[in-house]
Amino acid sequence: MILVKYLAPAYVYTQGGLEKDRLIAIGDDGRIVMMGDARQHEQITEGEQIEYLPKTLLLPGFVNAHSHVFQRELRGHTHRPLSRQDTFWTWRRAMYAQAQSLTPELLYESAYHTYREMLAAGYTSVGEFHYVHHQLDGTPYERPNAMAEAILQAGQDAGIRVVMLLSAYARGGFQQPAEEGQRRFCDGSVELYLARVEALRQAGFAVGLAPHSVRAVPGDWFRALAAYSREHGLPLHVHADEQMAEIEQCQSVHGCRPIELLERYDALYSGTTIIHATHANEYELSLLDQYGCTVCVCPTTEGDLGDGIAPYQELAARNIPLAIGADSNTRLDPFEELRWAEYSARMRYQRRRILVAGELDAPGPLLLTTGTRGGAQALGIATGEIAPDQFADFVEIDLEHPQVRGWSDEDLLDTLFFGVSSTVIARTWVGGRCVHHRED
């Protein structure tokens, strides 16, 4: 291990809370080697770098645990009337049309620019739930992972950490063949899908399995994917309970709700992340609690699509781990994403302080955990907290920014989550390397 630099911020937020005058040592592998007192420099030898960051706060880098990167191109273009009564399902037709226009080259360009935006907003890692795999008629490209590779290359070039959540898609809906707009999402068999996952894994990429939903993936696929996920220690992500129509269809065909069906398919375990869970009932939440699953909420997208508000009070009461996702990436600002998780919860339950670790706590600490460590755990990556052996992924907060004026040690996190936008971020670091610098 070679030490390549030291950072000495005015403040740093660790699992122990707000700390002052800490020295962070970063190794050549991009991980934190040790943390000490910045006022004691005996451990620094001649030739080693130390960078002082006065009037700044280092937070762990935020994790966008659920992204469909190509949907960023739809921003602002789906609010004109699409039907007499617009819902997720009418929006989906516009999204399918956008997906049909993609080539590997266009997907790279869209992903690169969107990932640069994520870095500017403070996201240092992203779980890319990717399902536009093949050519328009469903025929694989000469390189079967050409589209996924375009995204991974864009992530490398942009400087963000990408976990490729390769989506499995087999059909158009419960007992329905794929529609024309879905053909390029679908693999011909579960074996072909797993071969593409294996190819990415063997190439050294961070990957996870992402059966799209119980309506798009049958039970035999789910069982095979869950077994592979467990065998190789890979995360498994799946949309569930996002819309009432999905729940009603599932009940009609299978006699149960989606998360109950996932249990039947052996797809619930500690590596499983449920995306949305917006309309999960008490029994489904008890299953998630029992199996140690994570829930990834996406408040700005759920609001944009009119899906509903997640059962935050029940999730918090059960201590079910939470993560956030920018999902359609209409808005890229983790402070806003987390703020709207708490705000929408307040509107649902008509009281304040829903997402708190304890009855006497403020929301700030749990919101930070949700936006950082929760997402890191959902993606299976060593980031999300500032501690030895973790990747040196940080957002550098300018404590002299006008939006932070009047902050105090006691209320600093709440000042951030309820009073600022991502414009307070001066720099973003991934693996100990500065990958974004705000232009004042």
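Q: What volume does the largest pocket have?
A: Rolling a probe the size of a water molecule over the atoms shows where empty space is left. A pocket is an open set of 1 Å grid points over the protein atoms alone, where a 1.4 Å probe fits, with protein on both sides within 12 Å along at least five of seven lines. Here the largest pocket has a volume of about 240 Å³, counted as the space filled by probe spheres set on the points. This is a predicted model: local features need pLDDT of at least 70, side-chain atom pairs count only at pLDDT 80 or more, and totals for chains, interfaces and linings use all residues. Residues are numbered from 1 along each chain as its sequence is written, and side-chain values use heavy atoms, leaving out hydrogens and water.

Q: Which helix gives the largest share of the lining of the largest pocket?
A: Lining residues have an atom within 4 Å of a point, and helices are DSSP runs (H or I, at least four residues) numbered from the N terminus. Six lining residues come from α12, the largest share. The lining has 14 residues, and Leu366 is one of those nearest the pocket's centre.

Q: How many residues of α11 are buried?
A: Buried means under 20% relative accessible area (1.4 Å probe, protein chains only). In α11, 12 of 16 residues are buried, including Phe335 and Tyr349.

Q: Where does Asp333 reach at the start of α11?
A: A side-chain oxygen of Asp333 comes to within 2.9 Å of the backbone nitrogen of Phe335. Just after α11, Gln350 has a positive phi of about 60 degrees.

Note on methods
Buried means under 20% relative accessible area, exposed over 50%, partly exposed in between (1.4 Å probe, protein chains only). Helices (H or I, at least four residues) and strands (E, at least two) are DSSP runs, numbered from the N terminus. A polar contact is a pair of N or O atoms within 3.5 Å; within protein, one must be able to donate a hydrogen and the other to accept it, and residues adjacent in sequence count only if both atoms are side-chain atoms.
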